[in-house]
Amino acid sequence: MFVDLPLGHTSGLPHDFSGQRILLTEGLTAAHRLAEPGTIVDLPYRYIDDHWKAEPLGWSRIRQIEQTTAEPAGDTRSERSPEPKYQDEADRIAAQQIEWEQQSLVCHGLAPVEGRT
């Protein structure tokens, strides 16, 4: 699957739970229909503008909102960590209440989180 979203947001924007669910559902549905190895499905989702493409490793929504994107920031990605990352405290709590093997379902919005639709 190809999704034209900024690095780090390939499953959707933070806190956009319905958008993430749609993107993931459509991606999995498209993947299920693939018949030819090497096929790429271009999902129709795009970020609100293409400014992030000028500096993909240093772009951030915060810098864009604050209009401080004029100077290159270099690679601003976080270091890789073996620890899971959650969008918020509710996701962390929900994930820790289930078996380790199932926690990624919560991280990707595939498992219900109490108080969310």
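Predicted model: local features only at pLDDT ≥ 70, side-chain atom pairs only at ≥ 80, totals over all residues.

**Entry 1: ground rules**

Residues are numbered from 1 along each chain as its sequence is written, and side-chain values use heavy atoms, with hydrogens and water left out.

**Entry 2: the whole chain**

I began with the secondary structure and found four helices and two strands in the chain. Helices (H or I, at least four residues) and strands (E, at least two) are DSSP runs, numbered from the N terminus. Read from the N terminus, the order is β-α-β-α-α-α.

Next I looked up burial, where buried means under 20% relative accessible area, exposed over 50%, and partly exposed in between (1.4 Å probe, protein chains only). Of the 117 residues in the chain, 21% are buried. The accessible surface comes to about 8,700 Å², and carbon and sulfur atoms hold 55% of it. I noted that these areas come from the Shrake-Rupley method with a 1.4 Å probe, and for residues only the protein chains shown count as cover.

Then I turned to contacts, meaning heavy atoms within 4.5 Å. Among those between residues at least 6 apart in sequence, 43% join residues at least 24 apart.

**Entry 3: helix H1**

With 17 residues at 1.5 Å a residue, H1 should span 24 Å, and its end C-alpha atoms are 24 Å apart, which agrees. The expected span is 1.5 Å times one less than the number of residues.

Which residues of H1 are buried? I found Gln20, Leu23, Gly27 and Ala30. Seen down the axis of H1, they fall within an arc of 105°, so they line one face of the helix. The arc is that of the directions from the helix axis to the C-beta atoms. What covers these buried residues includes strand E1 (2–4) and strand E2 (42–46). On the other side of H1, I noted His32 and Arg33 as exposed.

I stopped at Gln20, which sits in H1 (residues 17–33). Gln20 counts as buried because its relative accessibility is 8%. Leaving out residues up to four places away in sequence, Gln20 touches Ser11, Gly12, Leu13, Pro14, His15 and Gln87.

**Entry 4: helix H3**

I moved on to H3 (residues 89–96), whose buried residues are Asp91, Ala94 and Ala95. Down the axis of H3 these fall within an arc of 95°, so they line one face of the helix.

What caps the N-terminal end of H3? I found Asp88 there, with a side-chain oxygen 3.2 Å from the backbone nitrogen of Ala90. The rule for such a polar contact is a pair of N or O atoms within 3.5 Å; within protein, one must be able to donate a hydrogen and the other to accept it, and residues adjacent in sequence count only if both atoms are side-chain atoms.

**Entry 5: salt bridges**

I took a salt bridge as a side-chain nitrogen of Lys or Arg within 4 Å of a carboxyl oxygen of Asp or Glu. By this rule I get three of them.

Arg46 and Asp4 pair up at 3.6 Å, N to O. Arg46 lies in strand E2 and Asp4 in strand E1, so the pair ties together parts that are 42 residues apart in sequence. Is Asp4 buried or exposed? Asp4 is buried, because its relative accessible area is 12%, while Arg46 counts as partly exposed at 41% relative accessibility. Not counting residues up to four places away in sequence, Asp4 touches Tyr45, Arg46, Tyr47, Trp52 and Lys53.

Arg46 also meets Asp42 in a salt bridge (3.3 Å, N to O), and Asp42 is partly exposed at 45% relative accessibility.

The side chains of Glu89 and Arg92 form a salt bridge at 2.2 Å, N to O. Being three residues apart in H3, Glu89 and Arg92 are separated by about one helical turn. Glu89 is partly exposed at 43% relative accessibility, and Arg92 is partly exposed at 27%.
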